[in-house]
Amino acid sequence: MTSLLPILPALLLGFGGMALLLVGVLTKPEPAGFTTWGAIVLLVVAALVSCAAPDTLLFHGLLKTSLFTRFADALVYTAAVAALLLALDYNRKEGIARFEYPILVLLGVLGMVVMISAADLMSLYIGFELQSLALYIAAALARDSVRSTEAGLKYFVLGALASGLLVYGISLVYGFTGTTSFAALAGLLGANIGYGAVIGLVFVIVGLAFKISAAPFHMWTPDVYEGAPTSVTALFGTAPKAAAMALFLSVMTGPFGHLLAQWQMIIEILAIISMALGALAAIGQTNIKRLMAYSSIGHMGYALMGLAAGTEAGIQATLIYVAIYVVMSFGAFACIIAMRRRGQAVEKISDLAGLAAQRPGFAFAMALFMWAMAGIPPLSGFFGKLYVFSAALNAGLVTLVIIGIITSVISAFYYLRVIKVMYFDAGAPDFDAVPASVNFVMAVGAAVTALFILLPAPLITAASAAAKALMG
Amino acid sequence: MNQAGFPILSLLTYLPLLGVVYIATLRGAEEAVARQARQGALAISLLPLALGVYLWTQFDPTQAGYQFVESAAWFPGLDIQYRMGVDGISLFLILLTLVLTPIAILSSASITKRGRSFFAALLLLETMTTGMFAAADFLLFYVFFEAVLLPMYLIIGVWGGEKRIYAAVKFFIFTLAGSLFMLLALIWLWHHAGTTDIVTLLHTPIPPAAQLWLFAAFLASFGVKAAVWPLHTWLPDAYGEAPVPGTIMLAAVLSKMGAYGFLRFAVPMLPQASAAAEPLMFTLGVVAVIYISFVALAQTDMKRLIAYSSVAHMGVIIIGIFTFTVEGVEGALFQMLSHGIVIAGLFVCTGVLLARGEGLALSRLGGLAVRMPAYAALLMLFSLANMGLPGTSGFIGEILVIVGALKVNFWVSLLGGAGMILGAAYMLVLVRAVLFDKFTRPELAQVSDLNAREYAMLLPLAALVLWLGIYPSSFTHMFDASVASLVQAHTAALSSHTALAMVTQK
């Protein structure tokens with residue numbers, strides 16, 4: 001039984017998803033509420049079980065669980081539960097409350113859990129594809145809406161390209177080393193490495209960069225964020241980002257750990273382009289979901305800074321950053337989902353005008369998330385930036401940090417603009433009452449974001465232990 | 001624990017948050033809520049003031065280092081702790097904040113729109129500012145230093161004048177851009193010393209080559225905050241557009257944050273670099289004094305004129321700090337207090353006019369002394385103090401700075417001292433245009449003199465101006481020890497370095 005415990009969360013998600021699917025197919029009318037709550041319960045149970053699971057290697061080294069995977073899993077579970085809570089009411093009102101959506105989320109999370117725990121390029125690819133396919137369908141959830149189907153198709157085509165590049169990279173690495181196991185690769189890829197494996201490495205990085213939407217592989221992000229139903233965007237902005245970033249960390253430090261000299265520069269460039277693009281391209285946006293898309297590109301740039309440092313402190317910084325980002329992000333999406341006037345979802349930034357006068361609590365929560373994303377203390381986002389800047393500076397990446405500082409100032413401008421619209425501009429948004437589930441997510445996000453400063457120790461210690469487990 | 005027996009500094013800092021909670025619970029009609037919020041905020045803000053006075057009485061002036069120190073675990077694994085402490089340099093700046101917050105609250109009678117948020121923001125601002133002056137850890141300092149932006153951005157942007165949005169965004173972006181460079185310096189120092197404890201940082205030698213970079217970073221952040229010329233351009237907009245209580249807090253307290261940063265970090269931590277930057281800082285200070293005084297002279301709006309006079313006075317403070325003499329630094333510190341009180345008084349005076357529905361354009365005012373003798377007397381007092389008339393607080397600060405500068409450089413002393421004459425020029429223009437001359441409009445003959453609430457704001461400030469001016473040693477006595485040790489440490493650091501350089505030359 002002990003040997004099954006580490007894989008039990010994945011089994012729960014898989015079999016639970018199948019069971020819910022059966023219920024969904026056999027029951028009339030569509031039991032969307034039931035499957036959603038079922039999925040939430042399954043996710044919570046899986047999260048608890050995964051916390052109790054021991055460190056081990058599974059299936060002859062295909063999967064590996066450690067403090068690091070548990071940390072990343074916890075982020076993914078939290079984000080997925082938040083996204084499902086946000087979807088409960090939204091999907092019903094938009095007429096897309098299909099029972100398949102929570103099941104897709106479950107399968108997506110299963111894919112993420114597999115790819116986080118992957119200790120072999122094959123299991124990595126399987127997890128990667130499983131979560132991608134689930135998310136492609138989710139993006140096109142509103143199948144009668146042109147925008148949503150377009151988003152799904154766009155995501156699928158570009159995602160398939162990225163998967164192709166990834167698998168091509170994997171094949172090159174396999175071809176030049178003769179193995180796909182992380183542990184064996186780490187031993188083989190030492191000082192004198194052939195060009196073939198390096199090219200393979202570059203392709204793998206491109207595939208992963210696509211998933212975390214790091215520029216210049218970000219093209220799908222704004223369109224998919226905008227086109228997908230907001231409840232699905234809330235998922236895209238959080239769980240897959242955390243999972244893909246965790247995968248990025250484990251691949252770069254695991255099999256390619258000795259090739260720091262080869263990949264450090266690439267990661268730095270990705271970070272710089274992402275930060276710059278996230279800061280500059282967001283300025284002109286009028287749609288809040290597109291704004292969030294560019295903002296997430298920028299945030300991935302900052303998170304990559306920790307990886308670029310290539311040190312244990314850097315990994316810890318990236319983990320802290322991603323954890324803080326996930327909370328800010330689902331909080332902000334809770335606010336965006338609550339933007340609904342006379343039953344109609346609105347998503348223009350200008351629709352927020354005058355919100356602070358009408359709904360001070362709502363506006364204040366949104367302002368908190370915007371400030372936190374801009375990295376203003378005492379909010380949580382600042383500490384994420386503090387840790388990545390510190391790790392990068394410690395690794396001697398001064399230029400990177402200075403660029404990070406400049407882009408922080410630029411991006412503060414557009415976050416401030418959202419606050420400006422809510423607080424300074426006159427208007428009457430007349431938003432509908434916010435459903436309890438959305439209020440709950442918003443309140444939890446706001447509380448964590450604002451009060452992180454009082455109790456930073458648990459996250460910092462956990463991230464430190466996770467980074468240690470990863471770097472061994 | 002510290003000598004008070006309880007965490008007095010944390011209590012001082014976080015008591016206003018109680019008010020925020022109370023205000024958040026208020027419900028009802030907009031005007032009634034605003035009134036209740038104002039009264040609640042006023043009552044709450046008097047508590048830390050009382051505690052602050054108690055702190056003053058318990059403060060030991062013979063000690064140079066931090067007193068009433070508190071510490072608690074904060075960030076694990078790294079040596080970052082929650083540390084609070086107060087010394088001679090920060091004591092009066094904390095008190096200044098505590099005194100001016102109730103006055104700012106009193107001056108916000110005209111705020112009826114979204115009153116709850118306004119008073120909550122004002123109290124938050126008090127917490128952030130007090131916390132910043134009381135922080136004995138660099139990271140904690142930084143957190144408070146930046147967090148001040150959040151309430152201030154809203155105060156300017158929501159309740160400000162016509163160009164409020166432009167002013168608020170400019171204020172925010174300027175300050176943020178500056179402070180992020182300080183963050184870089186902070187991270188560097190943190191790795192260099194292994195801690196962010198200010199006391200340890202003060203005793204960690206820093207290589208002179210790195211000092212220059214760090215100094216540049218500090219200059220970017222503290223220079224913006226203190227509105228050192230040419231980083232001051234956000235200031236007239238922010239002061240001009242903010243509502244009167246916001247302007248009071250900005251001009252009287254927030255502008256001191258920059259000067260305080262120089263005194264607390266730049267000068268003692270980077271002795272070589274600050275010595276090397278002395279000519280630069282003198283130049284900036286002198287330019288501020290002379291050029292900005294002329295700019296003030298050209299203003300047509302009462303609030304903007306006072307705002308520019310504030311920039312000119314910051315020049316004097318900068319000169320004083322960078323003389324590295326006991327007189328100069330004490331003068332700068334004294335001037336910070338005096339300027340805080342005087343400028344608050346002047347801005348309250350503009351608020352009095354606004355409350356009577358008058359504009360602030362100088363060309364549309366005049367002759368007010370006839371109908372408002374009490375107002376005229378007080379405005380006159382603050383104006384005289386602002387130009388540094390003997391017997392008022394402004395004189396002591398200016399003269400100490402001039403004496404300190406004289407020890408270092410005659411020309412700096414002369415040109416910095418010229419500020420007193422130029423100050424007289426623009427302040428007298430202001431006084432003439434507002435109080436004397438003829439009525440420019442018949443309505444001006446109808447205005448009423450000060451009411452009880454306005455007396456409650458102006459009289460304490462006037463009393464403080466005279467107290468500081470007539471019996472300054474009750475204040476200087478408290479910071480003598482801290483300033484002396486600061487200057488000594490600076491001289492020692494420089495001479496040991498020169499000694500070392502001479503040894504290596506041989």
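This is a predicted model: local features need pLDDT of at least 70, side-chain atom pairs count only at pLDDT 80 or more; totals for chains, interfaces and linings use all residues.
Helix 14 of chain B covers residues 326-355. From first C-alpha to last, the helix reaches 43 Å. That is close to the 44 Å expected at 1.5 Å a residue. Just after the helix comes G357(B), with a positive phi of about 80°.

Now look at the loop between helix 13 (302-321) and helix 14 of chain B. F324(B) lies there. Its phi is near 55°, a positive value in a residue other than glycine. Is F324(B) buried or exposed? F324(B) counts as buried, because 21 C-beta neighbours fall inside 10 Å and the cut-off for buried is 20 or more.

Chain B has another case. R114(B) is not a glycine, yet has a positive phi of about 50°. Find R114(B) in the loop between helix 3 (88-106) and helix 4 of chain B. R114(B) counts as buried, with 21 C-beta neighbours inside 10 Å.

Next, helix 5 of chain B, residues 138-147. How many of its ten residues are buried? Ten of the ten, so this helix is largely enclosed by the rest of the structure. The buried residues include F138(B), F141(B), Y142(B), F144(B) and F145(B). E146(B) is among the buried ones as well. What covers them? The cover includes strand 2 (80-86) and helix 4 (115-134) of chain B. It also includes helix 6 (149-159), helix 7 (164-193), helix 8 (198-202) and helix 11 (244-269) of chain B.

Helix 11 of chain B deserves a stop. L254(B) lies in it. L254(B) counts as buried, with 27 C-beta neighbours inside 10 Å. Which residues does L254(B) touch, leaving aside its neighbours within four places in sequence? The contacts are T129(B), V148(B), M152(B) and M249(B). Take T129(B). It is 125 residues from L254(B) along the chain, but their C-alpha atoms are separated by 7.5 Å.

Over to chain A, and helix packing. Two packed helices are described by the angle between their axes and the distance between the axes. I have two pairs to show.

Pair one is helix 16 and helix 19 (residues 436-451) of chain A. They pack at an angle of about 45°, with their axes 10 Å apart. Helix 16 and helix 19 of chain A are therefore oblique to each other. The crossing is left-handed. On the helix 16 side, the contact uses A365(A), L368(A), F369(A) and A372(A). On the helix 19 side, it uses M442(A), G445(A), A446(A), T449(A) and A450(A). By class, that contact has seven nonpolar, two polar and no charged residues.

Pair two is helix 11 (residues 239-253) and helix 13 (residues 288-309) of chain A. Their axes come within 11 Å and cross at roughly 25°. That makes helix 11 of chain A roughly parallel to helix 13 of chain A. This crossing is right-handed. Helix 11 of chain A brings K241(A), M245(A), F248(A), L249(A) and M252(A). Helix 13 of chain A brings S296(A), M300(A), A303(A) and L307(A). The classes are seven nonpolar, one polar and one charged.

Some loops in chain A, quickly. A cis peptide bond joins K28(A) and P29(A), with omega about -10°. P29(A) is in the loop between helix 1 (8-26) and helix 2 (32-52) of chain A. Another cis peptide bond joins P377(A) and P378(A), with omega about 5°. P378(A) lies in the loop between helix 16 and helix 17 of chain A. Then there is R143(A), in the loop between helix 5 (121-139) and helix 6 (146-177) of chain A. R143(A) is exposed, with 11 other C-beta atoms within 10 Å. Its C-alpha is separated by 8.4 Å from that of I96(A), 47 residues apart along the chain.

Last, where the chains meet. The contact takes 25 residues from chain A and 29 residues from chain B. On the chain A side, the elements that give two or more residues are helix 16 (360-374), helix 17 (380-394), helix 18 (398-423) and helix 20 (457-471). Which gives the most? Helix 18 of chain A, with nine residues. By class, the chain A side has 19 nonpolar, five polar and one charged residues.

Note on methods:
Residues are numbered from 1 along each chain as its sequence is written. Chains are lettered from A and ligands numbered from 1 in the order in which they are written. Two residues are in contact if their C-beta atoms, placed from the backbone, lie within 7 Å. Helices (H or I, at least four residues) and strands (E, at least two) are DSSP runs, numbered from the N terminus. Ala, Val, Leu, Ile, Met, Phe, Trp, Tyr, Cys and Pro count as nonpolar, Asp, Glu, Lys and Arg as charged, and the others, Gly among them, as polar. A residue is buried if 20 or more other C-beta atoms lie within 10 Å of its own, exposed if 12 or fewer, and partly exposed in between; C-beta atoms are placed from the backbone. The expected span of a helix is 1.5 Å times one less than its number of residues. Axes are lines fitted to C-alpha atoms, for helices over the stretch in contact, and angles run from 0 to 180 degrees between N-to-C directions. Angles under 35 degrees count as roughly parallel, over 145 as roughly antiparallel, 65 to 115 as roughly perpendicular and the rest as oblique. A crossing is left-handed if the near helix is turned anticlockwise from the far one by less than a right angle, and right-handed if clockwise.
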